[in-house]
Amino acid sequence: MQVTRLTPQFGAAVTGVDLGHLDDAQFAALKQVWHQHRGLLAFPRQHLSDDGLLVFSRRIGQLDSPPNQEHGRQSPEGYPDIYVVSNVKDNAGRPIGALGDGEAVWHTDMSYESKPPLASMLTAREIPASGGDTWFCDMTGAYEDLPQALKQRIATLKVKHDGTYNSGGFLRAGVTPIDNPELAPGMLHPAVIRIPETGDAVLYLGRRRMSYISGLSLADSEALLDELWKYPVAEHRIYKHKWQVGDLVLWDNRTTMHRRDPFPPTERRIMHRTQIKGEAAPAAYGG
Ligand SMILES: [Fe+2]
């Protein structure tokens, strides 16, 4: 197994492993590398089948059901635990997956749930000639970068994670639209969480749209959120993954966020994704 850093502070590319056929020692080593590199691993040209994707995913933990997206839940035939991200349409003109060809804004997956998925992974089946890169940011590093006064200010605060819109800006199927973050339904999570495996403190924001800091006026919440959001999206905390067919990227949803560049609507992009259940609600770092 060869491990190469993706950025000076987070993420690693791993080669020399077959994710569909890992023995126990290899898997234990891989898990350690994953935590050491703050939750982001890329496996270039792994070319896992859907069955292989399920085998590797189940090594990490129990599978979580795919999210409810703009067209509901979409999976390949016979694989209800795999979720398709794609702009491709079937013969009847129906999209085979979610998120279209537009930008997907910064987010972490399904943090509007009480126990968000621990991890997600994407594998590339078809990629566009240009665009569609997936960006990741380091929330451990973002927390480290916060000025001391800001760390103290948010130590006990909770952030509301909205489940109304997905990262493509689409209203989730069957959800009532609302535009007031203070009143919108959502899940409260601590602004700073502790990662049990490493003891690290991590800034936990979920997504910007409809976010709200509990207990503050809407204006104060907006101002504080705008301030906090400068840190994770700073250039030195970001890795951009330029996909090749067969690549697999695995991320920890607690320690990273991700976004996607748009790509030309005339191009095809098909990604298969799984996600791993979170066993507990994110716990406050201080609590
Ligand atoms: Fe996502």
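Helices (H or I, at least four residues) and strands (E, at least two) are DSSP runs, numbered from the N terminus. The model is predicted: local features need pLDDT of at least 70, side-chain atom pairs count only at pLDDT 80 or more, and totals for chains, interfaces and linings use all residues. Residues are numbered from 1 along each chain as its sequence is written.

**View 1. The whole chain.** The chain holds five helices and 17 strands. Its C-alpha atoms fill a box of roughly 50 × 45 × 30 Å along the principal axes. The radius of gyration, taken over C-alpha atoms, is compared with a globule rule of 2.2 Å times the number of residues to the power 0.38. For 287 residues a compact globule would have a radius of gyration near 19 Å, and the 18 Å of the chain agrees. Two residues are in contact if their C-beta atoms, placed from the backbone, lie within 7 Å. Of the contacts between residues at least 6 apart in sequence, 80% join residues at least 24 apart.

View 2. Helix α1 comprises the 13 residues 24-36. The expected span of a helix is 1.5 Å times one less than its number of residues. After α1 comes R38, whose phi is positive, near 60 degrees.

View 3. Two strands pair if DSSP finds at least two bridges between them. Eight strands form an open sheet with mixed pairing, in the order β1-β2-β3-β15-β7-β17-β4-β5. Its edge strands, β1 (2-5) and β5 (98-99), each pair on one side only. Helix α2 (residues 50-60) packs on the sheet and touches β7 (119-126) and β17 (270-276). Axes are lines fitted to C-alpha atoms, for helices over the stretch in contact, and angles run from 0 to 180 degrees between N-to-C directions. The direction of α2 makes about 25 degrees with that of β17.

**View 4. Strands β8 and β14.** Strand β8 (residues 134-138) and β14 run antiparallel, joined by four bridges. The bridge partner of C137 in β14 is I238.
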